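These are my notebook entries on one protein chain model.

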Amino acid sequence: MILVKNIKKLVQAEPAQVRFRAGAEMQNLPCIDNAYLLVKGDKIESSGKMTALSEKMLEKYNEKVEIVDAAGKMVFPAFCDSHSPIVYAGSREIEYIDKIKGLSYEEIAKRGGGILNSVDRLRAASEDELFDSAWQRLEEVASFGTGAIEIKSGYGLDTENELKMLRVIRRLKEKSALTIKANFLAAHAVPREYIGRQTEYVDLIINEMIPMVAAEELADYVDVFCDRGFFTPEDTERILMQGIKYGLQPKIHANELDFSGGIQVGVKYNARSVDHIEYTGDDEIACLLGCVTMPTILPGAAFFLGMVYAPARKMIEAGLPVAMAGDYNPGSCPSGNMQFVLSMGCIKYGMIPEEAINAVTLNSAYAMGVEDELGTITVGKTANFFITKPISTIEFMPYAYGSNKVESLYLRGVKKY
Ligand code: NIG
């Protein structure tokens, strides 16, 4: 057992099983000052005020207890990053220079760069090479406090290479202590060999890829980049219907480049989340209200691509929940630091720290379907949490952007860092 004692503040200490927080509720961040946290095996056993902790309470377990003194430090649930496609080969800093010189994401893609550039590199890489580089990225994000991550395919764009990516994700799932969900995103772009034949590529995804992915049980989710210049709402519907038939829940890349109809199609098919959503207007907000779909913002991508920021404030004030994810990928966000995402949520999206912390813990846990297990410090949940360096307030976490405030990370009740 592990007893973390003298915790200055135990953050997101939610006694009940809550699925997500929406609207004004996003300001609610239950915390316990001068707290303890008791971990048994891989689960949270109990938590409370230090004054409620007694020798007698521990005796009943009759187990060796490792004591961790967290005086001056805070404990947070580990971040859940519900969108970070970290399986890729090589980097794309050449395009970064094009971007600095003024080319847009779409213009770079139209010149054959962008996603297709990563596809060429991924097809040339072996499964082992992809595993090794993704493993390094997993270790890196964990060092910033991430304990769960959703990883996509989408740089293979043919049956062989999409399956290769998903098998790499499966190996990561098997070996890593992080909780990992796999998302099948062959509809990320039309591959070079299908340019001008987009419907035939959609047919290939539907008739060949989805049945094979399902047969090997390689994915939890099915995704489509439903946006201007990529896939249409009609393509998206066809792919989602087939994915659902094969037991895959939808998650959508939507409205990053325009009012694409992607949010509406995601909601129609009960997507777990709609991600990016820079172009969210009154119609999209009305459509999202009261549904099961988590609006998910990717601040790192909007920052890196210099795009408009999603109207998070307006969405929360309309009563919606908002999640934030890292989007670590070679094209739109070559960073997976969830502490930076937290800072961006406050400074660029106008969230107060409590809202932003909910967006990267409980709400992002929901966005990847792990809210019953992760995202809050709740008895019975998996013991994924980090201990901060000594910090003054919870506000210091988003305020002091750029530095790593995480001192140690515990995953499934075991110290990782
Ligand atoms: O989620 N927007 C689409 N897909 C990825 C980026 C892909 C890339 O440019 O490599 C994203 O940001």
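I took a residue as buried under 20% relative accessible area, exposed over 50% and partly exposed in between, with a 1.4 Å probe and protein chains only. The model is predicted, so I kept local features only at pLDDT of at least 70 and side-chain atom pairs at pLDDT 80 or more, while totals for chains, interfaces and linings use all residues. Residues are numbered from 1 along each chain as its sequence is written, and side-chain values use heavy atoms, without hydrogens and water.

**Entry 1: aromatic pairs.** I paired rings of Phe, Tyr and Trp (its six-membered ring) with centres within 6.5 Å, calling planes under 30 degrees apart stacked, over 60 edge-to-face and the rest tilted. The count came to 14 aromatic pairs. Tyrosine 88 and tyrosine 328 are edge-to-face, because their planes stand at 65 degrees with the ring centres 6.5 Å apart. I numbered helices (H or I, at least four residues) and strands (E, at least two) from the N terminus as DSSP runs. Tyrosine 88 is in the loop between strand S6 (79–81) and helix H2 (93–100), and tyrosine 328 in the loop between strand S13 (323–324) and helix H13 (338–347), so the pair ties together parts 240 residues apart in sequence. Both tyrosine 88 and tyrosine 328 are buried.

I next looked up tyrosine 194 and tyrosine 201, a tilted pair with 5.4 Å centre to centre and 50 degrees between the planes. Tyrosine 194 is buried, at a relative accessible area of 17%; tyrosine 201 is buried at 0%. I also noted a cluster of Phe76, Phe79 and Phe386, linked by ring pairs.

**Entry 2: charges over rings.** I required NZ of Lys or CZ of Arg within 6 Å of the ring centre and within 35 degrees of the ring normal. The charged end of arginine 137 sits over the ring of tyrosine 88, 3.6 Å from its centre. Arginine 197 lies over the face of tyrosine 194, 4.5 Å from the ring centre.

**Entry 3: helix H13.** Which residues of H13 are buried? I found Met338, Gln339, Val341, Leu342, Ser343, Met344, Gly345 and Cys346, which is eight of its 10 residues. At the start of H13, a side-chain oxygen of asparagine 337 comes within 2.8 Å of the backbone nitrogen of glutamine 339.

How values were computed:
Polar contact = N/O pair within 3.5 Å; in protein donor to acceptor, adjacent residues only side chain to side chain.
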